[in-house]
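Subject: A structure for you to look at

Hello,

Here is the structure I promised to pass on. Have a look at it first, and then read my notes below.

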Amino acid sequence: MILTLVFPLLLLGGAVLAAQSSINGRLGAKVGVLASAWLTFVIGAVLTFLLVFFFEPAHSATLFSVPKWQLTGALFGVVYMLAIVFAVPRVGTAAATVAVISGQLIMSLLVDHFGWLDNDRLPLDPSRIAAIVLLAGALFLIYQSNARRERQTASA
Amino acid sequence: MQQIATLLFVLCAGMGLSVEAGLLGPLGEQVGHLSATLSIFLVGGLLLTLAMIFIGRPPLTTLFQQPRWLLTGGLLGPIYVVVLTLTTPIVGVGMTMVGILCGQIGASLIIDHFGLLGSERRAIDGYRLLALVLIFLALWLIY
């Protein structure tokens with residue numbers, strides 16, 4: 001029962017991510033990769049700052065007291081945003097999304113396998129390796145579809 | 001060839017995203033999820049502000065001449081994080097990821113197919129549908 005309420009919310013969360021890559025890709029094509037990523041992060045910072053100010057319950061630890069390496073996540077976020085804004089106009093939202101997801105899943109499988117970042121070890125088993133092969137196949141299919149489309153436009 | 005290089009680059013960026021999530025989880029436990037989200041956007045925003053000032057000539061006039069909906073990308077990121085924070089305690093991380101990925105892949109195909117949000121139209125064909133099936137199979141194998 002609760003799942004039927006939560007699942008639409010999750011679909012919305014995923015759809016919002018795809019819409020964001022699409023909007024940012026379009027904006028980036030007009031004003032450049034850097035300006036587009038900058039605007040995204042600044043608006044995000046303003047919005048989350050307001051949310052923290054009014055809705056965050058008090059915690060004993062603050063952003064200023066935790067070990068500094070825990071704050072380095074932003075570096076990966078910036079690289080991701082720049083990559084998406086650069087890639088979407090060149091390869092399309094779908095291909096870019098599949099590439100991101102493949103990277104995400106491959107890395108999380110590696111983290112599980114080696115137990116990086118203090119995670120429990122979950123060794124690679126045949127079904128996980130099969131999943132990687134399927135993802136590579138999906139990327140290749142979308143690449144093929146883009147390439148075929150380009151040939152059609154070229155000959156038309 | 002250039003397409004393959006771009007896709008590999010995006011793939012690496014996706015790997016970074018997993019590392020970011022790995023860092024963000026424990027941080028959120030300690031300082032709160034909204035604060036953890038803020039750290040991402042704040043550090044990223046400040047670094048990119050420096051880059052904007054020192055690299056090239058910031059196209060601010062062009063930026064704010066765009067239609068307003070083109071500037072709303074930054075509003076969507078926090079929505080995603082809030083959904084994540086709301087749902088993870090209820091259904092668990094695995095289910096959350098599967099739900100998010102379904103929405104992401106489905107929406108990206110729909111956006112490309114209809115050319116929504118100013119994207120170029122890239123019609124759904126047999127290749128793309130087959131790719132979607134492969135992705136769902138892979139998700140099912142992992143979770």
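This is a predicted model: local features need pLDDT of at least 70, side-chain atom pairs count only at pLDDT 80 or more; totals for chains, interfaces and linings use all residues.

**Within chain A**

Helix H2 of chain A covers residues 33-55 and helix H3 of chain A covers residues 73-91; their axes come within 9 Å and cross at roughly 130°. The crossing of H2(A) past H3(A) is right-handed. On the H2(A) side, the residues that take part include Val33(A), Leu34(A) and Phe41(A), while H3(A) brings in, among them, Met81(A), Leu82(A) and Phe86(A). By type, the residues of this contact are nine nonpolar, three polar and no charged.

**Between the chains**

H2(A) also meets a helix of the other chain: its axis and that of helix H2 of chain B (residues 33-54) come within 8 Å and cross at roughly 145°. Here the crossing is left-handed. The residues in the contact of H2(A) with H2(B) are 19 nonpolar, eight polar and no charged.

Taking the two chains as a whole, 101 residues of chain A and 100 residues of chain B are in the contact. About 9300 Å² is buried between chain A and chain B, with 78% of it on carbon and sulfur atoms. On the chain A side, Leu10(A), Ile23(A) and Trp38(A) lose the most area to chain B, together 7% of what that side buries. The number of salt bridges between chain A and chain B is zero.

Enjoy exploring!

Best wishes

Note on methods:
Residues are numbered from 1 along each chain as its sequence is written. Chains are lettered from A and ligands numbered from 1 in the order in which they are written. Side-chain values use heavy atoms; hydrogens and water are left out. Axes are lines fitted to C-alpha atoms, for helices over the stretch in contact, and angles run from 0 to 180 degrees between N-to-C directions. Helices (H or I, at least four residues) and strands (E, at least two) are DSSP runs, numbered from the N terminus. A crossing is left-handed if the near helix is turned anticlockwise from the far one by less than a right angle, and right-handed if clockwise. Contact means heavy atoms within 4.5 Å. Ala, Val, Leu, Ile, Met, Phe, Trp, Tyr, Cys and Pro count as nonpolar, Asp, Glu, Lys and Arg as charged, and the others, Gly among them, as polar. Buried area is the accessible area (1.4 Å probe) that two parts lose on being put together, summed over both. A salt bridge is a side-chain nitrogen of Lys or Arg within 4 Å of a carboxyl oxygen of Asp or Glu.
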